[in-house]
Amino acid sequence: MSAMRKGQAGTGVEQAAIGTITVLWVLGVLLPILSLLVISFIQGKGLGFVWAFSTKAYADILVDFRIEIVLRTLRIVAAVTLIELLLAFPFALWLAKGLKPGWLKSTLLILLVVPFFLSPAARTIVWRSILGSEGLVNIFLAQTGISPEPVSWLLFSEFSVHLGLIGPYFPSMVWPLFISFSLIDDELIKASRDLGADAFTTLRHVVVPLALPGIAAGLVFTAIPMLGDNVASTLLGGGNVALIAESFDDLIRAMNYPGAAALASLLVLAMLLAFLVARLVLARRQASEGGIFAEMQA
Amino acid sequence: MTDHKKGRPLRRRSVLKALAAGTAALAAPSLIHHSIRRAHAAPGTIRMMGGPTVALKDWSQFEKDTGLKMEFTSFNVDDVGALYNEILANDAGERFDLINTLAGVQKPMVKQGQVAQLDTSRLKNYAGIADSVKRSPVLYAGDDKDWAVPLYYNADSFGYYPEKLGLARPPEALNWDILLNNEKTLGKASIDGDNIALMIGGMYLKDRKLAEIADPANMTASEVKTAADYMIERKKAGQFRNLWKTYDEQIANFVNGEVLVQRCWEPAVKDVKGRGQDVEYATCSDFHINWMHATSIPVQAAARENLEEIYRALDWFLGGSYAAELAVLRGYTGSRMDLGLEYAKAAGWPADKIAAVEANITKVKTKFLNPNFWIGGAPDDLAAHDAEMARFRNA
């Protein structure tokens, strides 16, 4: 009886906890997003609103240069995320499977956390002294005779924005991959090798499929915060590379709240679509792997 | 509820409050804190919110002259949206005795009933301020009433390297072609990354009679489009190395050798000069950009028991001590530079500091006599300016 009562009490606590978290989630996450949606369909007028349904904010946002800004943002985010994956994949694999536990591994893991404690502006601004007209790269190019004149596209260009985004988001890609690789049973890798598979075949048919959830998480954790980054474009783009985050700042500064809400709603919609596509791909992949295992068992 | 009827104006404040209602429970600690803070408004202390350049390094002279303590809260008043939020949604008037803004920004707040009308007879230094300043379009609402006092003002232009560009030094006048339309400075010029860039474009076009623009500081949608088209043309020609957004970026552009000429704030040139660089702040023959910082009493403060102290503090800002201190610290012109010079001499300041004060008197006689455009913080059609600025930045 007492065990049963304990179980019931436990269920009661669990239900209360779930209820509280749900309420907090609705208030803290869902309500602001719904507010965004509502505001995006209200008419702005000076410092106030007019309570009338309007799609004007969307019409204002969906103009040629804003669409260009959105597309440029998506292109840069996609490119940098891909670069991050290419850089982080071998590094995380080496960290998880190639490096034995010890001081080096601990140090590297700690170093991966350090960027989260630094001001985004402070870690980005250093690129100016490296890429600037009188920066380290241009001094090197001039002294070696490669380019007597400063190379201007190194800074305040898409190149510098790409470069400025790589560093801050590298840990966001490495961590999920590292965890995913660490969870792969070493015996599976050994079995693959014992069955005659070379390193590449093992990577392709064992490691990558098993690390797929980590890869998906890495892509999400890297790309989504990067969409809202305004530090790299402001400090390294120098007004020559307009990204979507700056558009938010500008719209809010101009008190165009319906416009900012409309832009944010479109971004939330784009993220939901990307999430759904990723989920479908993963589900299809899991279904096909399930089929293979079913055949093997038969 | 009547607010919610279709077509009826709904104040942003009420919408924000309604939206916030759902999260009121989460905000409970700050609400409690807010009420405690209101309850403990201390007499003998002036609580002021304002731009960082308003603040002095040391308020001891204020305390000595007025017998009051200064509790200054710095706020980025250039961010007009955030400032309006602070005043309208966060009830800044409940927490501050004086609110400083860019002159022009206070006008919509007057319409919203957020600003107390000034009784200028309680300010002994007010009458001596030049009418051209008191009745400047950014300060005066045209209603024969006074809502804000001018704290300081300046005639802005651009900084440049006279030696490297082979140009004369001030007070010899230059013109804005050096920044906007010059082969020598192509790709070595920088300008504001906000609406002021478009206003400068508008001023240039108006001055050169290249376009019909009534007021470049407050353009209509079609006027601002014309100005943006011109600035986009110059950007595409490669005139601008970058667009800056902060004071630090202005300094970095000079120090890192990115620019030869830059639209910037006068203190930036002062700062870079202090680092040993040969930079000057231009005096222009064609036009200057005039701006002002204004200070007002929030309507909530007018009902408080320390109103006499608030007026005493406000009058001190119009006096000689503040004008002289600010001229040396920032190179800005106070409302009463005549009192500033008197104060500096009476206090036995060294010659270089007195010269800095006198330079501001000369500035009024030179730069402010040239064609000028007063810019306020917020043009009437802010949305059009914002959209065109985004187009310019994207070009």
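Chain B has 19 helices and 13 strands; both are DSSP runs numbered from the N terminus, helices being H or I with at least four residues and strands E with at least two. This is a predicted model, in which local features need pLDDT of at least 70 and side-chain atom pairs count only at pLDDT 80 or more, while totals for chains, interfaces and linings use all residues. Residues are numbered from 1 along each chain as its sequence is written, chains are lettered from A and ligands numbered from 1 in the order in which they are written, and side-chain values use heavy atoms, with hydrogens and water left out.

Let us start with the inside. Of the 395 residues in chain B, 53% are buried; buried means under 20% relative accessible area, exposed over 50%, and partly exposed in between, using a 1.4 Å probe and protein chains only. Among contacts (heavy atoms within 4.5 Å) in chain B between residues at least 6 apart in sequence, 74% join residues at least 24 apart.

Which residues have the most contacts inside the largest nonpolar core? They are Phe158(B) and Ile297(B), in a core of 117 residues. A nonpolar core is a set of buried Ala, Val, Leu, Ile, Met, Phe, Trp, Tyr and Cys residues joined through side-chain atoms within 4.5 Å. Apart from this core lies another, of 24 residues, including Ile61(A), Ala223(A), Met226(A) and Leu263(A). Setting aside neighbours within four places in sequence, Ile297(B) touches, among others, Asp97(B), Val115(B), Leu307(B) and Tyr311(B).

Next come the strands. In chain B, strand 2 (residues 45–50) and strand 3 (residues 69–74) pair in the parallel sense over 6 bridges; pairing requires at least two DSSP bridges between the strands. Gly50(B) has Ser74(B) in strand 3 as its bridge partner. Together with helix 3 (residues 60–66) of chain B, these two strands make a right-handed β-α-β unit. Right-handed here says that, with the strands pointing away from the viewer, the path from the first strand over the helix to the second runs clockwise.

Aromatic rings are another feature to look for: over all chains there are 32 aromatic pairs. Rings of Phe, Tyr and Trp (its six-membered ring) pair if their centres lie within 6.5 Å, and planes under 30 degrees apart count as stacked, over 60 as edge-to-face and the rest as tilted. Here are two of the pairs.

| Pair | Centre to centre | Between the planes | Kind |
|---|---|---|---|
| Trp59(B) and Phe62(B) | 5.9 Å | 80 degrees | edge-to-face |
| Phe240(B) and Phe392(B) | 6.3 Å | 90 degrees | edge-to-face |

Phe240(B) lies in strand 8 (residues 240–244) and Phe392(B) in helix 19 of chain B, so this pair ties together parts that are 152 residues apart in sequence. Phe240(B) and Phe392(B) are buried. Trp59(B) counts as buried at 12% relative accessibility, and Phe62(B) does at 1%. One aromatic cluster includes Trp59(B), Phe62(B), Phe72(B) and Trp316(B).

The charged end of Lys235(B) sits over the ring of Phe392(B), 5.6 Å from its centre; the criterion is NZ of Lys or CZ of Arg within 6 Å of the ring centre and within 35 degrees of the ring normal. Lys235(B) is also in contact with Asn394(B), whose other contacts include Phe65(A) and Arg72(A). Asn394(B) lies in helix 19 (residues 382–394) of chain B and counts as buried because its relative accessibility is 8%.
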